[in-house]
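Trainee: Could we go through this model together? I would like to begin with the sheet and then turn to the ligand.

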Amino acid sequence: MEQFINSEYVSLEKYRKNPIIFHYYSEIIRYWNKINFALQSTLRSLQFNRKLKPRLKVIYGYSLYRTFWEKVKIGNLLKALELNLEQNFFYSIKVNLIKFLKRLKTFSWDLALKNKTTIEKISIEYAIPSFFIQRIRPYMDLPSLKDNLRLMNNFNLGKTYLIWNKYPMDLDSEILFRKAHEESNIPIKGDDDFDGLYTIPNEYKKEVLKSTYFKNGDIIIADKGSLAIIDLLNPQKHELILDLCAAPGIKTALIKRVINDRSILLTNEFQRERIAQMKNLMSFLNIQDISILNADGISFPNRETIKFDRILLDAPCSGSGTFLINPELKWRQNSGFLHQNELLQKKLIQSAIRLLKPEGILVYSTCSLYSEEGEKQIQQFLEYLEPLKIPQFYSPSYKIDGRELSGTGRLFPATHGTQGFFVGKFKKKG
Ligand SMILES: C[S@@+](CC[C@H](N)C(=O)[O-])C[C@H]1O[C@@H](n2cnc3c(N)ncnc32)[C@H](O)[C@@H]1O
């Protein structure tokens with residue numbers, strides 16, 4: 001947390017194995033601007049004007065989260081801190097911390113936010129950077145924006161999707177699968193849009209991770225949006241297919257689920273460490289004979305005579321549709337970060353077009369809610385790409401210059417129960 005407070009980017013991934021650390025770390029980061037706002041206002045009201053050292057800021061922020069969000073009594077919080085901090089340090093901060101926590105009880109959001117602009121208020125209330133709101137606001141009305149933000153902050157409001165790792169799912173498996181849930185009292189529902197897709201409330205995810213069918217690799221835990229994207233890709237028999245940016249391999253697994261050995265799937269990933277992750281996932285899901293190349297997708301090393309029938313370009317992006325699972329990404333959002341992703345996406349799209357056969361199919365997707373990584377990116381390539389039909393399941397694209405962009409669509413947490421995605425499907429012009 002001290003590194004995070006010093007504005008260094010710290011991935012949450014490595015803390016996943018310790019549920020308690022992961023919980024506090026991810027939740028405090030999720031609400032960081034809100035916590036910091038209440039923290040600074042309370043310190044000001046105590047006329048404490050010095051800047052807190054990062055370590056102290058972590059302790060104040062943690063104490064604030066526990067008393068405000070979890071309603072822990074001050075006495076219990078102090079006992080926990082005393083047990084976990086060095087004695088001398090704890091006693092040196094105790095008196096001021098108690099003063100702070102007592103004053104915090106008088107803190108009022110209404111009063112503190114009174115003179116703020118609408119964007120500042122949403123930013124603090126929904127713990128989201130104002131940069132994000134400014135980018136999304138031209139395309140979304142205020143109630144929809146707030147609905148999406150509420151779902152992007154609250155893990156327990158969401159669903160976990162379980163996808164049967166064989167397609168189609170046979171009746172015997174379906175009966176056994178449902179029975180396993182009934183026996184363990186996990187409320188499960190079949191999905192109306194896709195075969196073999198089930199949902200459970202997020203609070204039961206831990207139970208699923210302990211189940212035999214999960215440990216056997218019988219299910220893929222993935223966002224419904226990922227399944228929708230592979231459904232859109234619609235790989236066919238005898239095709240040469242490329243998954244250009246493949247790690248950690250969720251969509252690769254979903255492609256493998258629907259193709260048979262009469263199609264050839266080649267996958268590629270730039271980052272070596274992520275290839276290791278991908279290999280682990282493939283072996284966990286019992287997926288064999290997978291070719292993973294470690295190349296830069298921008299200069300993909302293919303022969304001029306070998307072109308692909310179908311390419312999935314699930315491009316690297318800001319991740320602005322994934323704050324529910326990647327809250328640390330919120331505080332990386334700024335124009336520099338967005339621009340860097342835009343440049344990379346542009347080069348990858350150029351490369352994908354070059355790698356496709358004439359009339360070959362490109363599906364481009366990003367887990368981003370910014371138009372710059374979706375509609376505006378695609379607009380630059382319409383000379384080479386013919387838009388194809390997008391299923392009704394998707395929301396229309398954002399309007400650019402007053403018009404929706406054909407061949408593209410969007411998924412939103414509030415409308416589809418997925419993460420935020422942009423998708424586009426195109427045929428390479430002959
Ligand atoms: C959105 S993620 C892909 C997620 C993946 N399709 C899945 O469903 O699990 C984008 C990936 O592109 C990779 N990447 C970034 N730059 C790349 C490049 N120049 N060439 C190929 N892959 C790249 C990133 O390392 C990251 O793993």
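**Sheet, ligand and backbone**

Mentor: Four strands make up an open sheet, in the order β2-β3-β1-β4, with antiparallel pairing. Strands here are DSSP E runs of at least two residues and helices are H or I runs of at least four, numbered from the N terminus; two strands pair if DSSP finds at least two bridges between them. This is a predicted model, in which local features need pLDDT of at least 70 and side-chain atom pairs pLDDT 80 or more, while totals for chains, interfaces and linings use all residues. Residues are numbered from 1 along each chain as its sequence is written, and side-chain values use heavy atoms, without hydrogens and water.

Trainee: Which strands stand at the edges?

Mentor: β2 (189-190) and β4 (219-221) do; each has a single partner strand, so one side of each lacks a neighbour in the sheet.

Trainee: What packs on the sheet?

Mentor: Helix α11 (residues 171-183) does, touching β1, β2, β3 (197-201) and β4, where contact means heavy atoms within 4.5 Å. The direction of α11 makes about 150° with that of β1; axes are lines fitted to C-alpha atoms, for helices over the stretch in contact, and angles run from 0 to 180 degrees between N-to-C directions.

Trainee: How many bridges join β1 and β4?

Mentor: Strand β1 (residues 159-164) pairs with β4 over three bridges. Leu 162 has Ile 221 of β4 as its bridge partner.

Trainee: Now the ligand. How many residues surround it?

Mentor: There are 20, and the closest are Glu 269, Arg 274, Asp 296, Gly 297 and Asp 314; a residue is near if one of its heavy atoms lies within 4 Å.

Trainee: Which backbone atoms lie by the oxygen atoms of the ligand?

Mentor: A polar backbone atom of Ala 247 is 3.1 Å from a ligand oxygen, and one of Gly 249 is 3.0 Å from a ligand oxygen.

Trainee: How much of the ligand does the protein bury?

Mentor: Taken alone, the ligand exposes 600 Å², and the protein buries 90% of that, by the Shrake-Rupley method with a 1.4 Å probe.

Note on methods. A polar contact is a pair of N or O atoms within 3.5 Å; within protein, one must be able to donate a hydrogen and the other to accept it, and residues adjacent in sequence count only if both atoms are side-chain atoms.
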